[in-house]
Structure formats: structure tokens, C-alpha cells
Amino acid sequence: MVANPGTRSTGSNVAGFARTFWKKQGQNIMLPLIGVFVFLLIWQLLSSTGITRLPGPISLVTEQRTRELLLYPFYDLGGLDKGLFWQTMYSLARVAKGYTAAAVVGIGLGILVGTNQTINKAVDPIFQFLRMIAPLAWVPISLIALQNVQQAAVFVIFITAVWPILINTTVGVQQIPQDYKNVARVLQISPRKYFFKVLIPSALPYIFTGLRIAIGLAWLAIIAAEIVMSGVIGIGFFIWNAYQNNYVSEVILAVFYIGAVGLLLDRAMAYLQQLILPEEQR
Amino acid sequence: MEMLKQVETRPLATSQQRQSQSFLEIANVSKVYPTAKGFYPVLQDVNLSVKEGEFICLIGHSGCGKTTLLNMVSGFNQPTEGTVQLRGKPITNPGPDRMVVFQGYALLPWLTAFENVYLAVDSVHPKKLEAEKRAIVREHLAMVGLADASDKKPPQLSGGMKQRVAIARALSIRPKVLILDEPFGALDAITKEELQEELLKIWNDHRCTVLMITHDIDEALFLADRLVMMTNGPAATIGEVMEIPFPRPRDRTQIMEDPEYYDLRNHALDFLYRRFAHDDTE
Ligand SMILES: Nc1ncnc2c1ncn2[C@@H]1O[C@H](COP(=O)(O)OP(=O)(O)OP(=O)(O)O)[C@@H](O)[C@H]1O
Ligand SMILES: [Mg+2]
């Protein structure tokens, strides 16, 4: 039992760390894994017993078409015939455009409406009304208004994503504590300084809440929009196309992509929020 | 600056001589708030004349209208009737010549102690050199004993430290009138006494006019030249003004040994708890 005490202590430290980590996080890792496994198992059982016509998750690997899609996400044979990576990217690019526009307009307008009670009273009913309209209902309207499928798709994203940003920003600006406003008034702070030192930092948590809700909605909307706007490259139209051709497992695979991307977008926003928002405001 | 020069040229003048007549004039002031149940008269026929450089404490039961009265000096509020004039000019809006230390500190939580004070200095003296402004900030943070904590943000500061920052911010812009709304109410007894002594020392050096709301008779007796006692609302007014004759600089233990201290104290207690006892059934 004459081991190097140094190594032994670090060795037991690592093991100790692993043990405490597992004690703390083990359940957090194991339970979701078990949940997913059971879910997939039930699904597979339902489809193999014939209760549902939907193919089970195993079909993603057994079917040749989906196996190829799984293995070659980056292929590009021109036109609509592209791998799922590119389909997703086209959809994401549309989301990026519409979402950016929504953020700019939503934050800008939200600040204006939040600081001006008169404008707020005038436009609030319109906003409350418009935000109730589902993304799909905007599709025909935007197609008629814009005539161009690409632009119309971006517009649908924009109009879906703008409301939570706008409304949260408005509330954020209205919620600026009276104390801060009073300080600004006594000191006669310039409007520019008030904007950057008081208004924006104070409303920032609300703005981020809006942005985070909006990114999820934007992603939901793009799928809906693409399904209706036939002939565009994108994961939404890919689903529709696969359905038309009765490639059911392709539909399932695309749905996995959509879910994963949505989750990533939400996580990315949460990360950004954590990065930018000062600790004391979270 | 003018005021400071005067002080410098006559360093031996007593406080009586230094105070010119009718610096701040509150004349026949009434304040009526419109409420759901009709008009609510908070203040009625308030008259007070404050000399330059005077230290005034305001005492009265909760809700009698102390904040309302001082808000008319700071300019956040206008009297319904009567006038509030500073050097013969009616007060119409808040300004840095009448700086306020707010009831809840009102520090911006996303700025460090230094930045909070800097914002004030920078707003009031936009044309000063950056280095000069920074020096002013450092000087005032050091004055309240916070040189080491200047990079901390308010959530990392204790209540007493926050109040010190608020006082440093208020003094850094050299107001003609300093208005403090129950500045030490939320602090423990020891911190409170420390801050009272610091405030008194700073006031001795800078001699701005101070209006301070308090609930603490001993605090008022230690700090003030005159104690203004208010009757109960609605339609509250100044019931009595008590001269506090202790010579300055004051020493807490010394004045507490003075038999007159207890006469004054009992007189104030009598006013507050017998003649104008708070009606709890209200
Ligand atoms: N904007 C307002 N509208 C209607 N009533 C008000 C308004 N502001 C204050 N009041 C009423 O005026 C009265 C005096 O309020 P004020 O804040 O001046 O009291 P205070 O003496 O400072 O009390 P405290 O010691 O608790 O701070 C209270 O009864 C309050 O309800
Ligand atoms: Mg008050």
C-alpha cells in the first residue's frame, strides 16, 4: 500500500467529483433519458401492433429514403432536392429576416408606445386585436398583399413575432419605477442619456422575455407558412411534399428536425439573455 | 458656487448671520388631491419661511402630508393654492438646485456606485472635463466613506451603503437645497447615528439648506436648527415650529446631557402623542 500520495489524492478527487456530480445530476440525466426511451417504445409498439398507421421510430433507420436523408443532410441536387440541413437553413434564413424585422419594429414601436400614453391608448386595441390572428390566417393576406412568395413568407414570420416583442417592450417601458423617473427629472438628464442609462436597462428584462417568446412563435409560423406556400425550399414545404408523396417516415424525420431546431433556438435566446442581462436583473 | 464663496470669505460668521432672509418661502399653501371619493385636502394653509443654510427637520404622523409638502419644494408637485418660492421665484419643476435623497434610495441597480454618482455629475455639468467629473465623484464617495466600494452595484451594497451613495450623489452636484425624505428610517441604530454624524459634518462644511423628513425626535434634535411639527391630516398644517438652540458643532453626548434637551424632547413628544395623537380608528 505504498502508492504515490499525490496521484492517489487527485485520483480519489476525480472519483469523488464524479460521484457528487452523479448524486446531484444523475436523476436529472437519467429520468429524461428513461422518459424518451419509454415514449419511443410505446410509439413503436402502437405502430407495430397496427393500432396506428403511423410508422414507428425505427422506420427512420429501416426505410431507405430516410436513412439516406439521415446520413446525407448536406446533399444538394439543385432545385427542391436538397438535404435536410439545407432545407432547415433556408427556413432559418427566412426566420432570421422576419425575426430581425420584428425585433427592430417591435422594440422601436414598443418604446414609443410605452413612453407615450396618448399613442398607447390609440393603438392598444389594434395591437390586441391583431395579435390574436393566427400565423396561418396571415398567409393568404400576405400573399395577396406582397405577390411574392419569398417576401410573403418573411412577412408571416414578422407579423407573428412582432406582437410579443412589441407588447413586452411597451410593458417594460411602462414599468420603469417612478423613483428612477424622478431621479432623471431632478437631475434633468438629457433624453439621450435617459434612453441609454435608464429606459433601456430598465426595460431590458421585458424586452428579452418578448424576444424569447417571439423566437419560438417565429419558428412555428415558418413551418405553417411554408406548408401553404408551395414551391419554396424549406423544412416546412419538405414535410408537405413528403406527405403528398406518402413518404410518411420522411415526415417524421422532418418533424424531429423541427423540434430540435426550435429547442436550440429557445436555448440560444435563453443563453443570450443570461449573457447580456446583468445578474441583478434576471 | 456663489454661496460657497460667501461661506469662504466669512469663515467665522455664525450660522445666524450667514442665513439671509426669505430664501425659501412657503406661503398659504394648500394641496387637494382629487380621489374617487371626492376631493381630499391633504394640506391646508401651510406657511414656512426657511433661511439660507438652515437645517430644518419635519416631523408628523404617517400620511399627514410631509412628502407632499416637500414635493412642492422639489417641484414634483404644485400647490393647489398658495406659493412656494425659492429666492423670490416660484418653483415650477424639479431641478438639480433642489436635489432629493429619495425615500427608497432610488439608485440605478445596473450602474455601480461610481456610475450612479457620475450620472448626476455628468448631467449637471456636461461641459466639465471628464477627469474633473471623475474627481468630483471620487471626492464625494470618499466623503461618505465609500471609496472602496465605488465599483459595487447597489444590490451588492447594504442599506446603509446605498443611503451613503444616495447622499454622495445628492451632494456631488452641490444643490442649494437638499431634500431628504426619511433618509435613515430603514437603517439600524448604529448605522443611523454614523450617517447622522456624517451628514452633519458635510453640512457644516458645505452649508446647503437642508429639509429633512424624519420620524425620530432625537434625530431631529441632534441635526436641526428648527423642528417643524405637523398636525394630522386631512387638511394638515404646521402645528408648531420648535427652535433647537444647541450650539454647533454639536456633540451627541454633550447635548443629551443638557437639561434643555429633555424639555424639548418632551415638548415634541407631547405634541405628537398627546395633542395630535394618531387616530388609529381611521
Ligand atoms: N397622488 C395622490 N393622490 C391622492 N392622494 C394622495 C396622493 N399622494 C398622496 N396622497 C395622500 O396624501 C396623504 C399624504 O401623503 P404623503 O405621502 O405626503 O404622507 P407622508 O406624511 O409623507 O407619510 P409617510 O410618513 O408615511 O411617508 C396621504 O393620505 C396619501 O394617501
Ligand atoms: Mg412620505
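The paragraphs below lead through the aromatic rings of this predicted model and then to one of its cavities.

A pair of aromatic rings is described by the distance of the centres and the angle of the planes. Over all chains, the structure holds 17 aromatic pairs. Because exposed means over 50% relative accessible area, Phe17(A), at 56%, counts as exposed, whereas Phe21(A), with a relative accessible area of 41%, is partly exposed.

A second pair to look at is that of Trp138(A) and Phe155(A), whose ring centres lie 6.4 Å apart. The planes of these two rings are at 80°, and because an angle over 60 degrees counts as edge-to-face, the pair is edge-to-face. With a relative accessible area of 9%, Trp138(A) is buried, while Phe155(A), at 27%, is partly exposed. Elsewhere in chain A, the rings of Phe39(A), Trp43(A) and Phe256(A) form one aromatic cluster.

In chain B, the reader can turn to aromatic rings that have an arginine over the face. Arg207(B) lies over the face of Trp203(B), at 3.8 Å from the ring centre, and Arg252(B) is placed over the face of Phe222(B), at 4.2 Å from the ring centre.

The last step is to the empty space inside the model. Rolling a probe the size of a water molecule over the atoms shows where empty space is left. A search of the whole structure finds three cavities of 30 Å³ or more, and the second largest cavity holds about 40 Å³ of space. Its lining is made up of Ile26(B), Leu48(B), Ile56(B), Leu58(B), Leu69(B), Leu70(B), Leu211(B) and Met212(B). The elements of chain B that give two or more residues to this lining are β3 (55-59), α3 (66-74) and β8 (209-213). Sorted by class, the lining of the second largest cavity has eight nonpolar residues, with no polar and no charged ones.

Key:
Residues are numbered from 1 along each chain as its sequence is written. Chains are lettered from A and ligands numbered from 1 in the order in which they are written. This is a predicted model: local features need pLDDT of at least 70, side-chain atom pairs count only at pLDDT 80 or more; totals for chains, interfaces and linings use all residues. Side-chain values use heavy atoms; hydrogens and water are left out. Rings of Phe, Tyr and Trp (its six-membered ring) pair if their centres lie within 6.5 Å; planes under 30 degrees apart count as stacked, over 60 as edge-to-face and the rest as tilted. Buried means under 20% relative accessible area, exposed over 50%, partly exposed in between (1.4 Å probe, protein chains only). A charge sits over a ring if NZ of Lys or CZ of Arg is within 6 Å of the ring centre and within 35 degrees of the ring normal. On a 1 Å grid over the protein atoms alone, a cavity is a set of points where a 1.4 Å probe fits but cannot get out, and a pocket is an open set with protein on both sides within 12 Å along at least five of seven lines; lining residues have an atom within 4 Å of a point. Grid points are joined across faces, edges and corners, and a volume is the space filled by probe spheres set on the points. Helices (H or I, at least four residues) and strands (E, at least two) are DSSP runs, numbered from the N terminus. Ala, Val, Leu, Ile, Met, Phe, Trp, Tyr, Cys and Pro count as nonpolar, Asp, Glu, Lys and Arg as charged, and the others, Gly among them, as polar.
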